Amino acid sequence: MPRLFTALEIPRNAAMSLSLLRGGLPGARWIDVENYHITLRFIGDVDGRTADEIVERLDRIDRPEFQIRLDGIGSFGSKKPHSVWAGVSPSPEMYALQAEIERICQRIGLPSDPRKFTPHVTLARLKSSRVDDVVHYLSSRGNFQTSSFTVPRFVLLSSRESVGGGPYLTEEVFPLSEAWSAPSVSTSAMQPVKSLV
């Protein structure tokens, strides 16, 4: 069974902005543009029955679509950096969706994710990059930001045994409900009726 995880997709225009960050860092193995994503919950290797149960439960999630933007870049591994990433602007809806997926996974019997949820898009994996090179790379690109975009769905992705970074296969798609706004009421309709007396 392939490794499974839930994720948010990156729209093409944001992915193209991310692709401009490639290069300029010795020892980096850059992620292919089509494999950019924001991991919500790593599930791992599960049997077919568990995978079916996860899909069935995820399919019941009823949450509205929401807006996010990619904002800033950083690295994981302070003394020995192992990856560089683009950050994601905080979104209460995204955190609520991630928390619901986490609860579903735990109810099914999967162990809780030991890592704190830090939404990000991995840009590159680092093998032999020097800390100084990583610091220089980050400082020259630190003001990175995309326009906001709507997240209309989340997906269940799988990855085959590889060094990491894809290729990923979309196994299932879970639409979020369209955000709606209350119909606007004109202020004139709210004025008290004048008495004709």
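Me: What helices and strands does the protein chain have, and how many?
Reply: It's a predicted model, and the protein chain has four helices and 10 strands. From the N terminus on, the elements go β-α-β-β-α-β-β-β-α-β-α-β-β-β.

Me: How much of the protein chain counts as buried?
Reply: 42% of the 197 residues. The accessible surface comes to about 11700 Å², with 52% of that belonging to carbon and sulfur atoms.

Me: Switching to charges, how many salt bridges does the structure hold?
Reply: Nine. One of them joins E53 and R57, with the closest N and O atoms 3.0 Å apart.

Me: Where do E53 and R57 lie?
Reply: Both are in helix α2 (residues 48-58), four residues apart, so about one turn of the helix.

Me: What about D113 and R115?
Reply: Their side chains meet in a salt bridge at 3.6 Å, N to O. D113 is partly exposed at 22%, while R115 is exposed at 57%.

Me: Which residues are linked with R130 in a network?
Reply: D132 and D133, through salt bridges. For R130 and D133, the closest N and O atoms are 3.7 Å apart.

Me: Last one, which residues form the negative surface patch?
Reply: D47, D52, D59, E171 and E172. E172 lies in strand β10 (residues 168-175) and is partly exposed, with a relative accessible area of 34%.

Key
Residues are numbered from 1 along each chain as its sequence is written. This is a predicted model: local features need pLDDT of at least 70, side-chain atom pairs count only at pLDDT 80 or more; totals for chains, interfaces and linings use all residues. Side-chain values use heavy atoms; hydrogens and water are left out. Patches are made of residues with over 30% relative accessible area and no salt bridge: like charges are joined within 9 Å, nonpolar side chains (Val, Leu, Ile, Met, Phe, Trp, Tyr) within 5 Å. Accessible areas come from the Shrake-Rupley method with a 1.4 Å probe; for residues, only the protein chains shown count as cover. A salt bridge is a side-chain nitrogen of Lys or Arg within 4 Å of a carboxyl oxygen of Asp or Glu. Lys and Arg count as positive and Asp and Glu as negative; His and the chain ends are not counted. The place of a charge is taken as NZ of Lys, CZ of Arg, CG of Asp or CD of Glu. Helices (H or I, at least four residues) and strands (E, at least two) are DSSP runs, numbered from the N terminus. Buried means under 20% relative accessible area, exposed over 50%, partly exposed in between (1.4 Å probe, protein chains only).
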